[in-house]
Amino acid sequence: MTKIYPNSPLPETPAPSISIAAGEEPATLTVWRKSLLFNCSGFTVYDANGNLVYRVDNYSSSSLNEIVLMDAIGKPLFTIRRKRFTLTDQWSIYKGEAAVATKPVFSAWKHVALVRSKSLAHVIPCGVAGKFAEAIYDVEGSFSQRSCVVYDERHKPVAEIQRKKSVGTVGFGGDVFRLVVQPGFDASLAMAVVILLERMFGSRVASIKG
């Protein structure tokens, strides 16, 4: 089996927080659609050096409506919670643990295809009046093909989901892919968007040959 991560998956100390300053090179993360814990679904994310940086371990059938993105040692970074009693697929993003957060920092919803569009989802900061206010972040592309771009309000790409190339004759498939984060954008927020897309479109993910 192709080795996805070169270093120990459970470090005693976490890898440094990924903060990309303006003018630096983009950060390329490897996202594995698998939890490190036995009998639990989730995500495991490694940096370019093979260090564990993010993880999701509570992604199971009993917790599909509230998912926690953590750092390498389990500190909550974002909680992603589905909004109840809405006609469309809407989510709230809380900083840290939702149980102790006063209010969400972002609101997200699945794009409603009234007309032909490349849009998949929209993410806006809480406090912007009206659900249909101009989206701060707009996601376009195809999540099932692992080909998505996150754009800011100026339509500048800030993050991108890409297929991970095969190694030799072994293909990774759709469960392992790349997340490229541009300088100045929060990599943990980019990963939160990945989780949102998985919840919105994951059931449609087709098998991807490497």
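I began with the term contact, which stands for heavy atoms within 4.5 Å. By that criterion, residues 24 or more positions apart account for 38% of the contacts in the protein chain with a separation of 6 or more.

**Entry on the model.** I noted that this is a predicted model, in which local features need pLDDT of at least 70, side-chain atom pairs count only at pLDDT 80 or more, and totals for chains, interfaces and linings use all residues. Residues are numbered from 1 along each chain as its sequence is written, and side-chain values use heavy atoms, with hydrogens and water left out. I looked up pLDDT, the predictor's confidence in each residue, from 0 to 100. Its mean over the protein chain is 80, and 71% of the residues reach 70 or more. Over residues 204-210 I found pLDDT under 50; for this stretch the model has 17 contacts beyond four places in sequence.

**Entry on the fold.** I took buried as under 20% relative accessible area, exposed as over 50%, and partly exposed as in between (1.4 Å probe, protein chains only). Of the 210 residues, 46% count as buried.

**Entry on helix H1.** Helix H1 covers residues 187-201, 15 residues in total. I read 21 Å from its first C-alpha to its last, close to the 21 Å expected at 1.5 Å a residue; the expected span is 1.5 Å times one less than the number of residues. In H1, 15 of 15 residues are buried.

**Entry on Thr-79.** I located Thr-79 in strand E5 (residues 76-82). Is Thr-79 buried or exposed? Thr-79 counts as buried because its relative accessibility is 0%. A polar atom of its side chain lies 2.7 Å from the backbone oxygen of Gly-96. Beyond four places in sequence, the residues in contact with Thr-79 include Glu-66, Val-68, Ser-92, Tyr-94 and Ala-98.

**Entry on two loop residues.** Arg-146 has a positive phi of about 55° although it is not a glycine. I placed Arg-146 in the loop between strands E9 (137-142) and E10 (147-151); with a relative accessible area of 1%, Arg-146 is buried. His-155, also not a glycine, has a positive phi near 60°. His-155 sits in the loop between E10 and strand E11 (157-163) and is partly exposed, at 45% relative accessible area.

Methods. Helix = DSSP H or I, 4+ residues; strand = E, 2+ residues; numbered from the N terminus. Polar contact = N/O pair within 3.5 Å; in protein donor to acceptor, adjacent residues only side chain to side chain.
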